[in-house]
Amino acid sequence: MERFELARDAVIKAGEALRQCHLDKSEVERKSGHQDLVTYWDRETEQFLRRRILSAFPQDSVVGEEYPPEEHSPSGMTWYLDPIDGTTNFINQHRNYAISVGCWNGGEPLFGMVLDVERQCLYWGKHGGGAWRNQTPIHVSDRNRIPELLVTTPGIQKTFLEDHPYRDWLIRLARDVRGVRSLGSVALELCEVAAGEADLFAALRSSPWDHNGARIILEEAGGAAYSLDGGPLPLQTKSTVLAVNDEKLMEELRKRYWEGQGEV
Ligand code: IPD
Ligand code: CA
Ligand code: CA
C-alpha cells in the first residue's frame, strides 16, 4: 500500500472508532491547564496511526502531538499527526473535531488529509492534484475585499484576550470584516478556507501537527498559508498562521494594514 492509501485507510478506521466511543470523565486529563486537555482517545488514536505508518514505512519520521517525535531520517519522509484536533469539542460536543495527517518529503508537501470525524467528510489534497472533500473538488472563495470577508480563528480566548504583538492588529481586522467565526479546530478551519466557506484564517499559536496537513489541502485549493508577518509558514516549529484564499487578499492586507494605505 502506498503512503496515501495507507493514510486514508488508517484515518477512516480511526474515525470509526472515535464515532463509536463513549468518553468517560475519567478519560480526560489536563495538560498545561484547564484549557489544554487530552483524553485516552487522543493517545489511542495517535498510537494506532503511528503503528500503522511505522510498520509499513519504518524509515519515515513521525511528529505527533501526544508523544515524542520518532525521527528516522533515511527516507526523508515526515508525517505530522494530530490524532484529535479540537479535543475540547470532542469532550464537550462530540462533534467539530478532526484527525489530521500531513506527509512531507523534506520541505516538499506530498499530501494532507483531514477527517471531519462526525460528518464523515474527508478533506484531502495531493501535491499537484487539487483539493477534495470526499469525491468533490473544493476551491477557495474569490472574496478579497476586506468588508466582505468571513474570518475564522481557532481560539477566541487565545486570539483576542492574551497579550501578543499581533493581537491589536487582529482586533482591528475583526472590526473591519463582515464576520468572525471560531470552530475550535485549526485543521477544520483551514479546510473551511480551502472549501470557500471562510476567506481568511488567523491563529496566534499553532503547532506543526495542527496545520501541516490542512495547509497542503488549502494550497491545492488555491489558497496560501503564511505566518502573521506575511513571511513563510515554518514546517517544524510553532508559529502564528495567516491563511488566505489568494494572493489578491494578501495584497489588500499589505496595503491596508502593513503599509497603512487604502480605505475599506
Ligand atoms: C487545538 C485546537 C484549537 C486551537 C489550539 C489547538 P487540540 O488543538 O485546534 O482550536 O485553538 O491552538 O491546540 O489541542 O484540540 O489538538
Ligand atoms: Ca491540534
Ligand atoms: Ca490534538
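Colleague: How far apart are the calcium ion (ligand 3) and the calcium ion (ligand 2), and which residue coordinates both?

Modeller: They are 3.7 Å apart, and D82 coordinates both. Before we go on, this is a predicted model: local features need pLDDT of at least 70, side-chain atom pairs count only at pLDDT 80 or more, and totals for chains, interfaces and linings use all residues. Residues are numbered from 1 along each chain as its sequence is written, chains are lettered from A and ligands numbered from 1 in the order in which they are written, and side-chain values use heavy atoms, with hydrogens and water left out.

Colleague: Thanks. What coordinates the calcium ion (ligand 3)?

Modeller: E65 (OE), D82 (OD) and I84 (O), at 2.1 to 2.3 Å. Donors here are N, O and S atoms within 2.8 Å of the metal (3.2 Å for Na, K and Ca); water is not among the atoms, so sites may look incomplete.

Colleague: Where do E65 and I84 lie?

Modeller: E65 is in the loop between β3 and β4 and I84 is in strand β4, so the pair ties together parts that are 19 residues apart in sequence. Helices (H or I, at least four residues) and strands (E, at least two) are DSSP runs, numbered from the N terminus.

Colleague: Is I84 buried or exposed?

Modeller: I84 counts as buried because its relative accessibility is 1%. Buried means under 20% relative accessible area, exposed over 50%, partly exposed in between (1.4 Å probe, protein chains only). E65, at 24%, counts as partly exposed.

Colleague: And which residues coordinate the calcium ion (ligand 2)?

Modeller: D82 (OD), D85 (OD) and D210 (OD), at 2.1 to 2.3 Å. D85 lies in strand β4 and D210 in helix α7 (residues 208-211), so that pair ties together parts that are 125 residues apart in sequence. Both D85 and D210 are buried.

Colleague: Switching topic: in what order do the strands of the open sheet run?

Modeller: The 7 strands go β3-β4-β5-β6-β7-β8-β9, with mixed pairing. Strands pair if DSSP finds at least two bridges between them. The edge strands are β3 and β9 (136-138), each pairing on one side only.

Colleague: Which strands does α2 lie across?

Modeller: Helix α2 lies across β3, β4 and β5, running at about 155 degrees to β4. Axes are lines fitted to C-alpha atoms, for helices over the stretch in contact (heavy atoms within 4.5 Å), and angles run from 0 to 180 degrees between N-to-C directions.

Colleague: Which residues of α2 are buried?

Modeller: W41, D42, T45, E46, L49, R50, I53 and L54.
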